[in-house]
Amino acid sequence: MSRSTLTPLLLVAGLLAFASTVRAEESRVHWYATAGYSEPLGSTSDYLQGGYILGAGFSISPSWLKPFDLRFDLSYSGYNASLALLNAGQQATNQPIDSGTGSILSATGDLMYHVPLAYGVRAYGIAGIGAYHTRIELDQTVPNYGGYGYGYGYGYGYGYGYGEAQVAAHGVTNFGWNAGLGLEFALPYGRSWFIESRYHRINSSTGIQYLPIEIGYRF
């Protein structure tokens, strides 16, 4: 596993250890999972189509930080490459390319501030920084030829199909920041569900930007 891929994972491991310490100090800890749609923005949308995002993490409410909460996220988003990216890849590699994908693995730490709106409903603002590992893969469909086969009696066959051959791939880890808003709806036993949207900007040479809209469950 490359060093750039390990960076977000090591960050998450450190955050989990930090959460255990905070829990020992009797701070409130809540876990959650999220899923939703992610839209590339700016020049990023020229090369990647809208995709999906999955995430998980935890939030803590230490008494010394009131009225703010701390939240730590690990998320993965996937996208299909646009025609512009496929054409650029063909020009750069001088090889045919008919498909491609992009992905972003992020580990972030954020501050949250809640504002009660009504009974069981509160809005919140969230902002923070983190590490983002971005990866692009470009592929070409190629035929896979099988062999002849015989069986007892009158059996006879020939295998044929298609597979994907990787033409080019590149991954890099950069730091970035995010900010957004959300609504949280209380459920029994201290649980809740929420919907949020956060703008992410990665400090790369091209300034990668994307805006997920996610629904989450907090427990």
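## Overall build

Of the 219 residues of the protein, 38% count as buried, a term that here means under 20% relative accessible area with a 1.4 Å probe and protein chains only. This is a predicted model, in which local features need pLDDT of at least 70 and side-chain atom pairs count only at pLDDT 80 or more, while totals for chains, interfaces and linings use all residues. Residues are numbered from 1 along each chain as its sequence is written, and side-chain values use heavy atoms, with hydrogens and water left out.

The protein contains 2 helices and 8 strands, taken as DSSP runs (H or I of at least four residues for helices, E of at least two for strands) and numbered from the N terminus. Along the sequence these elements follow the pattern α-β-β-β-α-β-β-β-β-β.

## Salt bridges between strands

The whole structure holds 8 salt bridges, each defined as a side-chain nitrogen of Lys or Arg within 4 Å of a carboxyl oxygen of Asp or Glu. One of them pairs Arg198 with Asp110, with 3.3 Å between the closest N and O atoms; Arg198 belongs to strand β7 (residues 192-202) and Asp110 to strand β4 (residues 99-118), 88 residues apart. Arg198 is buried at 5% relative accessibility, and Asp110 is buried at 2%.

Another salt bridge joins Glu184 and Arg218 at 3.1 Å between the closest N and O atoms. Because Glu184 lies in strand β6 (residues 156-186) and Arg218 in strand β8 (residues 208-218), this pair ties together parts 34 residues apart in sequence. Both Glu184 and Arg218 are buried.

Through shared partners, salt bridges join Arg71, Asp73, Asp110, Glu196 and Arg198 into one network.

Notes
Buried means under 20% relative accessible area, exposed over 50%, partly exposed in between (1.4 Å probe, protein chains only).
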